Amino acid sequence: MTTTLRVGLVQLTTGQDIGLNIERAVAGIRAAHAQGAAFVLTPEATSIYTDDKEFARKNVRVEAEDPALPVLAALAAELKIWLLIGSLGIKGDGEKRWNRSFLIGPDGAIVARYNKIHLFDVELGEGRSYRESNSYQGGDHGTLVDSPWGPIGLTICYDLRFPQLYRAYAKAGARIITVPAAFTKWTGEAHWHVLLRARAIETGAFILAPGQVGDHGGGRETYGHSLVIDPWGRILADGGDAPGVVVADLDLAMVDEVRGKIPSLNHDVDFSMTKAAVESGQKVVA
């Protein structure tokens with residue numbers, strides 16, 4: 001297993017112009033590769049970011065017909081890099097679609113897919129309402145992928161708020177966990193850095209989180225600040241609040257070092273008795 005890795009995170013402002021979105025993603029990936037990145041990641045909603053159901057109905061395709069996927073896969077093969085397409089909207093059952101990550105190998109082949117499990121259905125107040133389940137269907141399982149740098153766990157955006165998924169990946173051996181996102185500006189300012197650092201600390205893994213940034217039209221504004229975080233919870237790179245690329249060098253040996261110092265993954269307690277007691281209304285005395 002290779003123990004060093006330079007990663008590149010591409011930060012985008014995606015809208016409804018699919019051709020322009022793909023063009024910007026390609027430019028960002030090339031820029032990251034030019035800086036030596038062997039693993040490049042784009043954010044959630046790489047090719048389309050819209051709440052317009054009619055636009056999505058006309059433009060979202062099944063995987064075999066998606067316009068971005070072959071372009072980006074061919075680019076990975078050309079540059080001989082590993083590429084995480086943070087997510088594409090893929091036509092699913094009926095009128096709904098999948099929010100799907102693709103991990104592409106250096107030969108351009110799809111190594112793995114991940115359908116976002118947790119859908120962003122929230123009421124944030126002041127007119128900020130989101131119902132991702134109106135347009136998307138949720139996945140039902142995680143995806144852990146072998147790579148030259150060890151196992152990689154795949155997540156997307158709102159998954160970040162569910163630490164049990166990240167812990168499951170870590171206990172299964174994940175050394176890197178990806179979190180491509182389109183985090184809202186309002187929630188991002190409050191929670192983005194804190195949650196990502198917490199997931200890194202809890203799992204003893206590297207966290208790679210490329211984000212959307214800026215004004216996407218239709219009242220959508222995202223936080224940016226694409227982050228690379230080490231297993232000790234330290235921020236190695238921050239993409240700030242404008243489109244661009246950040247790179248960082250990972251020392252994968254640090255995963256074993258940190259997990260050796262704080263072996264919390266081995267210290268889980270079975271809370272099933274407590275859970276059963278709470279559900280039955282019994283008091284639990286420590």
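Let's start with helix α5, which covers residues 185-203 of this predicted model. At 1.5 Å a residue, its 19 residues should span 27 Å, and the end C-alpha atoms are 26 Å apart, which agrees. Even so, α5 bends by about 55° at histidine 191.

Which residues of α5 are buried? They are Thr187, Gly188, Trp192, Leu195, Leu196, Arg199, Ala200 and Thr203.

If you leave aside neighbours within four places in sequence, arginine 199 is in contact with Leu160, Arg161, Pro163, Tyr166 and Ile207.

Now for the protein as a whole. There are 7 helices and 16 strands. The radius of gyration is 19 Å, close to the 19 Å that the globule rule gives for 286 residues, so the protein is as compact as a globular protein of that length. Its C-alpha trace spans about 60 × 45 × 35 Å along the principal axes. Of the 286 residues, 52% count as buried. Take the contacts between residues at least 6 apart in sequence: 68% of them join residues at least 24 apart.

Next, find a pair of strands. Strand β4 (residues 97-104) pairs with strand β5 (residues 110-115) in the antiparallel sense, over 5 bridges. In this pairing, arginine 100 stands opposite asparagine 115 in β5. The hairpin has 5 residues between the strands, and glycine 108 takes a positive phi near 85° there.

The table sets four of them side by side.

| Residue | Relative accessible area | Class |
|---|---|---|
| Cysteine 157 | 6% | buried |
| Glutamine 137 | 16% | buried |
| Glycine 214 | 21% | partly exposed |
| Lysine 80 | 64% | exposed |

Where do these residues lie? Glutamine 137 is found in the loop between β7 (128-131) and β8 (143-145). Not counting residues up to four places away in sequence, glutamine 137 touches Gly92, Asp93, Lys96, Arg97, Trp98, Lys116 and Leu119. Among these, Arg97 belongs to strand β4, which covers residues 97-104.

Glycine 214 lies in strand β12 (residues 213-217). Leaving out neighbours within four places in sequence, glycine 214 is in contact with Thr13, Arg220, Glu221 and Thr222. Glycine 214 and glutamate 65 are 149 residues apart in sequence, and their C-alpha atoms are 29 Å apart in space.

The other two residues of the table have a backbone feature to look for. Lysine 80 has a positive phi of about 60° although it is not a glycine. You will find lysine 80 in the loop between α3 (68-79) and β3 (82-91). Cysteine 157 is not a glycine either, yet has a positive phi of about 45°. The place of cysteine 157 is the loop between β9 (152-154) and α4 (163-171). Is each of this pair buried or exposed? Lysine 80 counts as exposed, at 64% relative accessibility, whereas cysteine 157 is buried, at 6%.

Notes. Residues are numbered from 1 along each chain as its sequence is written. This is a predicted model: local features need pLDDT of at least 70, side-chain atom pairs count only at pLDDT 80 or more; totals for chains, interfaces and linings use all residues. Side-chain values use heavy atoms; hydrogens and water are left out. Helices (H or I, at least four residues) and strands (E, at least two) are DSSP runs, numbered from the N terminus. The expected span of a helix is 1.5 Å times one less than its number of residues. The bend at a residue is the angle between axes fitted to the seven residues ending there and the seven starting there. Buried means under 20% relative accessible area, exposed over 50%, partly exposed in between (1.4 Å probe, protein chains only). Two strands pair if DSSP finds at least two bridges between them. Contact means heavy atoms within 4.5 Å. The radius of gyration is taken over C-alpha atoms; the globule rule is 2.2 Å times the number of residues to the power 0.38.
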